[in-house]
Amino acid sequence: MAINELADIYSIDDFKTWDIAGETIVALFIIAFLIILSFVIFILAKRADPLKRPKGLLLVAEMAVEKIDAFVAETMGPGFENFGGILLGIVPFLFLSFTIGITGLPTSMSSLNVSFTLALVTFLMIHLTSMRFTKFRYFKRFIEPLPFFLPINLISMWAPLLSLCLRMFGNAVVGWVMLSLLNYVLELASAAVFSFLPTGINSIFFVPIATPLLHAYFDLFSGLIQTLVFTFLTACFIAQEKPEEEKVQEKLALS
């Protein structure tokens, strides 16, 4: 198709009407930041002297890798040695997506699109892991224990996706609603106490006092808890796809 024909179909005004949610834009910036940070750590690791103790950002990165690998080994067991790299990408993104609200920017997890996409990653890893261990026996799970359970099994397979998605989305939205309501109440209380001042100015005194504490709970503390819960559930959901007979054989080999 010629360029002139494309210009007739798509005008510049079509692109101006694109409406991208602020939460999605913030999520993309977090991803870009983590990619740049990864390259910086990679360069530092390449240039570091292996005989000297790492320091600064490289030390933090090595500690994070050790903690994630230890968590994977303890929670998921053998066969998932490389899974730490996946969690190392999910955990900082999820934590920053929850806590970014403390800066005044939109919280990424309050967008259903972002929450659903992250939960979808876990959902796909669950079924890909099952296919990895069971091969063609994977499809047998949908007709167990009897074939007429097929409709029920097809419906229940979506439970982890909905559970993870709605948990993150619900907590983020509840935090945003609570902060908005409390800020509104504090503005009204401030306006009532300082009613002798001009309108607008008299409503700003109470909010800066309480807002840091509210953000510390709803953004930092709640964000940390949700990150830990999502990470633990993701590891458990995926680890349980490993057949029981393989787990038994590994325990016998270790004993």
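Is T99 buried or exposed? T99 is buried, at a relative accessible area of 8%; buried stands for under 20% relative accessible area, exposed for over 50%, and partly exposed for what lies in between (1.4 Å probe, protein chains only). The views below come from a predicted model, in which local features need pLDDT of at least 70, side-chain atom pairs count only at pLDDT 80 or more, and totals for chains, interfaces and linings use all residues. Residues are numbered from 1 along each chain as its sequence is written, and side-chain values use heavy atoms, with hydrogens and water left out.

View A. Helices (H or I, at least four residues) and strands (E, at least two) are DSSP runs, numbered from the N terminus. The T99 side chain reaches the backbone oxygen of F95 at 2.8 Å. Apart from neighbours within four places in sequence, T99 is in contact (heavy atoms within 4.5 Å) with D219 and L220.

**View B. The largest nonpolar core, with 37 residues.** A nonpolar core is a set of buried Ala, Val, Leu, Ile, Met, Phe, Trp, Tyr and Cys residues joined through side-chain atoms within 4.5 Å. Among the residues with the most contacts inside this core are F80, M109, L118 and M168. At least two core residues come from each of α3 (22–47), α4 (57–75), α5 (84–99), α6 (112–134), α8 (159–193) and α9 (207–239). Helix α6 gives the most, with seven residues. Beyond its neighbours within four places in sequence, M168 is in contact with L94, F98, M109, S115, L118, A119 and F230.

**View C. The stacked aromatic pair of F123 and W158.** The whole structure holds four aromatic pairs. Rings of Phe, Tyr and Trp (its six-membered ring) pair if their centres lie within 6.5 Å; planes under 30 degrees apart count as stacked, over 60 as edge-to-face and the rest as tilted. F123 and W158 stand 4.9 Å apart centre to centre, with 15° between the planes. F123 lies in helix α6 and W158 in the loop between α7 (150–156) and α8, so the pair ties together parts that are 35 residues apart in sequence. F123 is buried at 7% relative accessibility, whereas W158 is partly exposed, with a relative accessible area of 40%.

**View D. The edge-to-face pair of Y138 and F139.** The ring centres are 5.1 Å apart, with 75° between the planes. Y138 is buried, at 6% relative accessible area, while F139 is exposed at 53%. Ring pairs link Y138, F139 and F142 into a cluster.

Conventions:
Polar contact = N/O pair within 3.5 Å; in protein donor to acceptor, adjacent residues only side chain to side chain.
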